[in-house]
Amino acid sequence: MSADDSDPLDRARVATRLPAQDLDRARRFYSEQLGLEPVDERPGGLLYRCGGAEFVLFRSTGASPGTFTQMAWEVDDIETAVSTLKRRGVVFEEVGLPGLLGGGRTSDGIAEIEGNYPSKGARGERGAWFRDSEGNLLGIGQLVL
């Protein structure tokens, strides 16, 4: 295999796509609750950039089932992030799942998660989840070193 044929996705950027049944409502949520503004837009789509990554909210007649995390941010201080977003009106999920420490439940919206990927050099993670205005399940995580 020549260098030109080798793993084109390995060098590609990843860009998440999230459905929005009401794009104006979604824009308000991402602006007012998350403090994010689109960097570009086109008919039926809003482009956002965070920390070198991109995501798009696109007008859709379908909706995500919201049964899994569709997108997450890694932050340095999860308490500050959760506190700031709560002040802006974001409601965090209180969940109970296998693999969560502390009785398998979140505490004040934040979960202690057992283990992590060896390449991240962390022994665990702390996580919190919330839904956007369109029902998409989003997360915030902090590595536990």
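Colleague: What share of the chain is buried?

Modeller: Of the 145 residues in the chain, 39% are buried. Buried means under 20% relative accessible area, exposed means over 50%, and partly exposed is in between, with a 1.4 Å probe and protein chains only. This is a predicted model, in which local features need pLDDT of at least 70 and side-chain atom pairs count only at pLDDT 80 or more, while totals for chains, interfaces and linings use all residues. Residues are numbered from 1 along each chain as its sequence is written, and side-chain values use heavy atoms, with hydrogens and water left out.

Colleague: How many helices and strands are there?

Modeller: The chain has two helices and eight strands. Their order from the N terminus is β-α-β-β-β-β-α-β-β-β. Helices (H or I, at least four residues) and strands (E, at least two) are DSSP runs, numbered from the N terminus.

Colleague: Start with the sheet that has β5 in it. What is the strand order?

Modeller: The order is β5-β8-β7-β6, in an open sheet of four strands with mixed pairing. Two strands pair if DSSP finds at least two bridges between them. β5 (71–74) and β6 (111–114) are at the edges with a single partner strand each, so one side of each has no neighbour in the sheet.

Colleague: How do β5 and β8 run, and how many bridges join them?

Modeller: They run parallel, joined by four bridges, and β8 covers residues 137–144. Trp-73 is opposite Ile-140 in β8, and Glu-74 has Gly-141 as its bridge partner there.

Colleague: Which residues of β5 are on the covered face?

Modeller: Met-71 and Trp-73 are on the covered face, while Ala-72 and Glu-74 are on the uncovered one. In a regular strand the side chains alternate between the two faces of the sheet.

Colleague: Moving on to α2. Which of its residues are buried?

Modeller: In α2 (residues 78–87), the buried residues are Ile-78, Ala-81, Val-82 and Leu-85. Seen down the axis of α2, they fall within an arc of 95°, so they line one face of the helix. The arc is that of the directions from the helix axis to the C-beta atoms.

Colleague: Why would residues like that point the same way?

Modeller: An α-helix has 3.6 residues a turn, so residues three or four places apart point the same way.

Colleague: And what do the buried residues of α2 pack against?

Modeller: They pack against β7 (124–131) and β8. Contact here means heavy atoms within 4.5 Å.

Colleague: Now α1. Which residues are buried there?

Modeller: Leu-23, Ala-26, Phe-29 and Tyr-30 are buried in α1. They cover an arc of only 120° around the axis, which puts them on the same side of α1. Asp-24 and Glu-32 are exposed, on the face turned away from that buried side. The buried residues of α1 are covered by elements including β1, β3, β4, β7 and β8.

Colleague: How many residues are in the largest nonpolar core?

Modeller: It has 26 residues, and Tyr-30, Leu-34, Phe-55, Leu-57, Trp-73 and Phe-130 are those with the most contacts inside it. A nonpolar core is a set of buried Ala, Val, Leu, Ile, Met, Phe, Trp, Tyr and Cys residues joined through side-chain atoms within 4.5 Å. Apart from this core lies another, of five residues, among them Leu-100, Ala-111, Trp-129 and Leu-137.

Colleague: Back to strands. In which sense do β3 and β4 pair?

Modeller: They pair in the antiparallel sense, over six bridges. Leu-46 is opposite Leu-57 in β4. β1 and β4 run parallel, and six bridges join them as well.

Colleague: Last one, Asp-108. Where is it, and is it buried or exposed?

Modeller: Asp-108 is in the loop between α2 and β6. At 57% relative accessibility, Asp-108 counts as exposed. Its phi is near 55°, a positive value in a residue other than glycine. Most residues other than glycine have a negative phi.
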